[in-house]
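Take a look at the chain below before reading on. This report walks through its sheet, its surface and its charged pairs.

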Amino acid sequence: MAKIRLFIDHPLAEGQGVELNPDQAHYLSSVMRQGAGDEILVFNGRDGEWLARIERIAKRNGALAALRRTAPQLNPPDLWLVFAPIKKARTDFIVEKAAEMGAARILPVQTDHTNSERIRQDRLQAHAVEAAEQCGGTFVPEVGDLVPLSRLLDGWDAGRRILWADEALAGPAQVLSGLPRGPWAILIGPEGGWSESERKRLAAMDCVTPVALGPRILRADTAAVASLALWQAALGDWR
């Protein structure tokens with residue numbers, strides 16, 4: 001079985017031809033040393049995973065032919081990760097791990113104590129694609145652009161519950177199995193913690209459930225992974 005996996009933004013069906021973009025052609029020809037006749041795995045986030053044959057390949061262009069489906073489409077639970085960006089490498093880590101662990105959408109937010117004033121949404125989206133390629137997933141979560149948390153909460157649908165990772169509650173990790181299933185979002189704060197006004201607003205929202213992540217205060221990137229693991233084990237597709 002082919003080991004190279006590529007995300008292809010193109011419909012996939014038996015016999016379907018697929019044109020490679022320059023980056024994909026360069027990766028296959030120059031990095032992975034693939035040639036015409038070699039087989040790889042491809043997915044588009046909609047049609048499952050497919051075995052594809054390289055029909056032609058050059059440094060800047062090429063084409064594939066889809067042969068057969070090797071795995072069905074597997075979409076994640078309706079779970080969003082909402083987080084305050086931190087240092088570049090650690091923000092990259094959060095996005096990669098969220099994609100691997102089954103977040104359906106990833107939303108960076110500007111909080112009162114967020115240090116990062118901007119992000120490269122296209123770069124973070126590329127990290128989500130790479131994570132899906134490497135982990136065997138068939139779904140790539142959308143990474144949103146940076147928005148103020150206050151604006152996001154202004155338009156929040158109360159039908160989507162929020163699991164609020166609150167460092168002030170450091171203590172035994174709470175069991176989530178008694179919480180209702182359905183649409184959820186996990187909310188991770190900045191390195192500087194939540195402001196008093198943010199705390200008051202979140203505490204006043206009926207759809208918000210504060211949660212402790214253990215007896216130690218976790219870094220933001222660690223808290224994101226821990227929260228995703230707790231939620232997936234109790235309410236998601238790890239059950």
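What follows is a short tour of a predicted model.

## The sheet

Start with the strands. Five of them form an open sheet in the order β1-β3-β4-β5-β2, and the pairing is mixed. Which strands stand at the edges? They are β1 (5–7) and β2 (17–20). Each has a single partner strand, so one side of each is left without a neighbour in the sheet. From one strand to the next, the twist averages 40°.

A helix lies against this sheet. Helix α3 (residues 121–135) packs on the sheet and touches β1 and β3 (39–43). The direction of α3 makes about 145° with that of β1.

Now for the pairing itself. Strands of a sheet pair through backbone hydrogen bonds, either parallel or antiparallel.

| Strand pair | Sense | Bridges |
|---|---|---|
| β2 and β5 (residues 62–71) | antiparallel | four bridges |
| β3 and β4 (residues 49–57) | antiparallel | five bridges |
| β4 and β5 | antiparallel | eight bridges |

L41 stands opposite L51 in β4. A63 of β5 is the bridge partner of E19. A63 is also the bridge partner of R56. Follow A63 in the structure, and both pairings can be traced.

Two hairpins can be picked out here. The hairpin of β3 and β4 has five residues between the strands. In this hairpin, G45 takes a positive phi near 85°. β4 and β5 form a hairpin too, with four residues between them.

## A patch on the surface and a buried alanine

Y27, V31 and M32 make a nonpolar surface patch of about 230 Å². M32 sits in the loop between α1 (22–31) and β3. Is M32 buried or partly exposed? Its relative accessible area is 32%, so M32 counts as partly exposed.

A98 gives a contrasting case. This residue is found in helix α2 (residues 88–100). A98 has a relative accessible area of 0%, so it is buried. What does A98 touch, once its neighbours within four places in sequence are left aside? It is in contact with L81, A103, I106 and L228. A98 can also be set against I4. The two are 94 residues apart in sequence, and their C-alpha atoms are 21 Å apart in space.

## Charged pairs

Begin with R90 and D221. Their side chains meet in a salt bridge, at 3.4 Å from N to O. R90 lies in helix α2, and D221 lies in helix α6 (residues 220–235). The two are 131 residues apart in sequence, so the pair ties together separate parts of the chain. Are R90 and D221 buried or exposed? R90 is buried, and so is D221.

The second pair is R105 and E142. Their closest N and O atoms are 3.5 Å apart. R105 is partly exposed, with a relative accessible area of 27%. E142 is partly exposed as well, at 43%.

R201 lies in helix α5 (residues 196–204) and D154 in helix α4 (residues 149–154), so the pair ties together parts that are 47 residues apart in sequence. R201 has 31% relative accessibility and counts as partly exposed. D154 has a relative accessible area of 58%, and it is exposed.

Conventions: Residues are numbered from 1 along each chain as its sequence is written. This is a predicted model: local features need pLDDT of at least 70, side-chain atom pairs count only at pLDDT 80 or more; totals for chains, interfaces and linings use all residues. Side-chain values use heavy atoms; hydrogens and water are left out. Two strands pair if DSSP finds at least two bridges between them. Axes are lines fitted to C-alpha atoms, for helices over the stretch in contact, and angles run from 0 to 180 degrees between N-to-C directions. Contact means heavy atoms within 4.5 Å. Patches are made of residues with over 30% relative accessible area and no salt bridge: like charges are joined within 9 Å, nonpolar side chains (Val, Leu, Ile, Met, Phe, Trp, Tyr) within 5 Å. Accessible areas come from the Shrake-Rupley method with a 1.4 Å probe; for residues, only the protein chains shown count as cover. A salt bridge is a side-chain nitrogen of Lys or Arg within 4 Å of a carboxyl oxygen of Asp or Glu. Buried means under 20% relative accessible area, exposed over 50%, partly exposed in between (1.4 Å probe, protein chains only).
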